[in-house]
Amino acid sequence: MLAMASPCTAVTPSYTRMNSSLHMFRPPNCSLSRIPPKSSFTGKILQVPQNKVADIKSPRSSCSKLQIRCGGEIYIPEEHRELYEEIEKLGPIISQKTWYPKAADHENAKKTWYIVDATDKILGRLASTIAIHIRGKNLATFTPSVDMGAYVIVVNAEKVAVSGNKRTTKLYRRHSGRPGGLKVETFDHLQKRIPERIVEHAVRGMLPKGRLGRRLFTHLKVFKGPDHPHEAQKPEPLPIMDKRILIKK
């Protein structure tokens, strides 16, 4: 008979299989639980016969976090106390295999700047190409929830083209917020008034909706005419893979 403090008194030793590679002493009325990482040890250390405890090769094995709770105290075999002490030093096991970009991977100072001339280019095909590079989908490090893309400068926005009869049938609507404040105008009319808004409207619809999309939209710079104020960024020509982007005349 083994005498122990209450509530575990007059206990007959019995061995219960806790793990395929470990046998531990478990008195009655005691529950098996897991020890939290980086926590201190309390309670007595039970002496367990050597022939009843299997050797553990790795201190980071799955059974190294097992403990025995008896009342308010924790009982750990003396042979395995060093395993818990090493867990306290190393912390919890973290096996993160998926790569996720850090802050240094998407800094604005390291982003690439592109420039594209919108002359005689179809609006939809041009906007989709711009949206791909702003989002960073052309990169191997693309992450949907992170701003990994580049800046894109569009010049000669007033010369962008559309196919078919969209110059007169494509409509742009806006509302002032007051009753009867709906304004509708055609593509041809808006191109003469504010040509930059046509490209911005097309690209905005291809970006995510929400906080990330609003941030990505600031990477688009649209200008009327061939001049722009971003020469210091040394923009590169935008790579265009779509061979049907030019309008057929």
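Which side chains meet in a salt bridge at 3.4 Å, N to O? I will come back to that pair in a moment, after a word on the model.

This is a predicted model, where local features need pLDDT of at least 70 and side-chain atom pairs count only at pLDDT 80 or more, while totals for chains, interfaces and linings use all residues. Residues are numbered from 1 along each chain as its sequence is written, and side-chain values use heavy atoms, with hydrogens and water left out.

Now to the pair: the side chains are those of D147 and K111, and a salt bridge here is a side-chain nitrogen of Lys or Arg within 4 Å of a carboxyl oxygen of Asp or Glu. D147 sits in the loop between helix 2 and strand 7 (151-155), and K111 in the loop between helix 1 (81-90) and strand 6 (113-117), so the bridge ties together parts that are 36 residues apart in sequence. Helices (H or I, at least four residues) and strands (E, at least two) are DSSP runs, numbered from the N terminus. The structure holds six salt bridges.

Turning to the helices, L123, A127, I130 and I134 of helix 2 make the contact with I198, V199, A202 and V203 of helix 5, where contact means heavy atoms within 4.5 Å.
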